2 protein chains.
Amino acid sequence: MSALVLGHMHPDTDSIISAIAAADLYSKRGLDVTSVAQGAPAPETAFVLERFGLTAPEVVENVAGRELYLVDFSDLAQSPAGMADATVMGIVDHHKLGDITTSLPLEAWIWPVGCTNTVLTNMYDFYGVEIPRPIAGGMLCAILSDTVMFKSPTCTDADKKAVEKLARIAGVDDVMALGMEMFRVKSAVDGASMKDLVFRDFKDFEMNGKKVGIGQLEVVDLSLLDGVKDGLKKEIARVKAEGRHSVFLLLTDIMKEGSELLLASDDPSVVEKAFGVPVSGDSVWLDGVMSRKKQVVPNFEKAFK
Amino acid sequence: MSALVLGHMHPDTDSIISAIAAADLYSKRGLDVTSVAQGAPAPETAFVLERFGLTAPEVVENVAGRELYLVDFSDLAQSPAGMADATVMGIVDHHKLGDITTSLPLEAWIWPVGCTNTVLTNMYDFYGVEIPRPIAGGMLCAILSDTVMFKSPTCTDADKKAVEKLARIAGVDDVMALGMEMFRVKSAVDGASMKDLVFRDFKDFEMNGKKVGIGQLEVVDLSLLDGVKDGLKKEIARVKAEGRHSVFLLLTDIMKEGSELLLASDDPSVVEKAFGVPVSGDSVWLDGVMSRKKQVVPNFEKAFK
C-alpha cells in the first residue's frame, strides 16, 4: 500500500500543491507514495490546477494503518481521523513545530520561510531531481499565494529566489500578473455559502487549553466583502458555538496591507491584549497585519497565557 | 546575547561534536551563536576532542530567556532547566520527533540516518561552507561512534558517504583503526563510579505515562565489564527508586553484535513482551540488539502500550 503525502485540514493552495510536488520528488527518490488531500480544492487552488494542467489529489477521510508524509503542517489538530494508528515518516513544512511526535526516526525539512513549496524547491535541488514544468507552475503560484505576492512579513529571500527559478522552469514571464489573476479568483465570493467562506482557509489552535479557530480571506479590495460581512459574522458565531472559546476571521486587504478582524469570543479582551488596539463590537481593523502564522497566532498565544 | 547550540542531557560524542559543528556552520551563515553542553565530555568524547584539538563546549545549567538551536534531540525530557522560557529556533537531529513544540517557525533538519553529524555534513554541503579540518575529524568520530563503526542497524549509506568525505578533509587514512582506538577508550571502566557508568549515555523516556530510563555502555568485549556488573545492577536499582517505573542498562558487545540487558523494573514482563525472550532474574542476552534508538526504544514503547 502506497504511503500517503498529505497536507492539512481545509487545504489551501500550498497544502495541495506541496502534496503533489513532494509525491513527485519522493517517488523519483524511489519511494512508493500517492498525494492525497483533506478536502476539495478551494477556488484559488482550482484555478492554479487548471492553469497548469494538474489533477487535484484524491480526498482522504481516514489514515489509520497508513504511512504518512506530511506537508505544510505538524499539528494533531490539523490531522485527519485515524492519525493515532498511522506512522509519520516525514514532514516538509514552514510553520512552528506542532505536537505531532513519532516513534521512529523521520525525515523532516522545516524552514522558517514563506511557503512549503520554497522548501520543496530546495529539496528538488538537493536531490538533483528536475522539477516537471506543470508542477513548477503550481509551486510558483503556491509561493505567490502564501507570501501574498512577496508582501507578507513571512516572505524571505529564499521565497523570492525559488519563484525566480520556478518561473524560468514553468515559462511564466510576468509573475506579478499571474499573481494578480490568482488573487482576483481568490477574492470572488459569489455563489459561496457563508460556511464555505469561513472554512476556506481555517485552522483550529489549542491556546492555553482553549480551542481557538482562526480563518482568513484574502481579497484585492475589502469592499468586495461588504455584501457578505454580516453573514460571515453570524457564521463565526455559529462556529464558535460548536465548542470553541473564540473564532476569529481575518479579512485581509492585500493592496491596503492590513486586515479587518471579525471576532466571536468568550473574552473579546484577548484581541486588545494581542494587538494593543481597543475593541468594541464584533470587528476591528489591524493595520499591517497580513500573516496569520507570523503575526496573528503568536500574538494570540501570548494573549491567552 | 548569543543563541545557544545545545545537545541532550548526558551528552555523548555526537551531541557534543554536533553542537561544535552546528555552531561553526550557523556562525558562518551570519548567526550569533555559541556551542554549549549539558555536561562534561565522557571519556570517549574527551579522547576525540583531544585527538583533533577541539575544545569542550561550556556547560550550561539553565537556558531561560535564551534562543536555542538544538542538536541530537527534540524531547523535553532531555532538555535543561528553563526550557519553558527559552525559544527554540532550530533543530538538527536523527531521532524520532519528540514533544518539543515552538510558537514561531523554526529551521529543522531531521533525517532518518545514523548520526546528527551526517545531517550536518550535508548541511555544510548545502550551504556551500567548508568544514574546518579539526571539526571534520570530530564529526567523523561521532559517526563512527553512533553507528558502532557501521555495524548498527541505524547505519545508512548517507553515514558511510559522510565518513568518506570527512576522512578526506580530516586527513584520516585508516578510519577503522581510529574507530577501534576510540571504542577501546570507551570500553575502559577503571576509575569510573557506578553512577558515572550508568549515566554515561542515559536517557529518560515517557512510555504510556511511565518514566523509563535506558542507558547503554558499549565495549569491544563484554568480559571487560565482569568486575563491575554487580555494582551496575545495584546502581540501576537505586536510579529506579528515584521515581522511575523501570531502568534498563544495555551492555553492548560491539564485536559479538548483541547486548546484555540489565533490568530493574516494576514489571519485568515488559522485557519479554518487547523482545520475545523469557526473562528470569535481572539480566538477559539480546542477540543482534545494538541500537537503543532503532531496536530498544520502539520495542519497549509497544510493550508498554
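**Where chain A meets chain B**

Biologist: How many residue pairs are in polar contact between chain A and chain B?

Modeller: This is a predicted model, so local features need pLDDT of at least 70 and side-chain atom pairs pLDDT 80 or more, while totals for chains, interfaces and linings use all residues. Residues are numbered from 1 along each chain as written, chains are lettered from A in written order, and side-chain values use heavy atoms, without hydrogens or water. A polar contact is a pair of N or O atoms within 3.5 Å, where within protein one must be able to donate a hydrogen and the other to accept it, and residues adjacent in sequence count only if both atoms are side-chain atoms. With both residues at pLDDT 80 or more, the count of pairs between chain A and chain B is 4.

Biologist: Which element gives the largest share of chain A's side?

Modeller: Helices (H or I, at least four residues) and strands (E, at least two) are DSSP runs, numbered from the N terminus. Elements giving two or more residues to chain A's side are α3 (116-126), α10 (292-304) and β6 (107-110). The largest share, 4 residues, belongs to β6(A).

Biologist: In β6(B), which residue is the bridge partner of A:I110?

Modeller: Strands pair if DSSP finds at least two bridges between them. Here β6(A) and β6 of chain B (residues 107-110) run antiparallel, with 3 bridges. Within β6(B), A:I110 has as its bridge partner B:A108.

Biologist: How many salt bridges are there between chain A and chain B?

Modeller: A salt bridge needs a side-chain nitrogen of Lys or Arg within 4 Å of a carboxyl oxygen of Asp or Glu. Between chain A and chain B, the count is 0.
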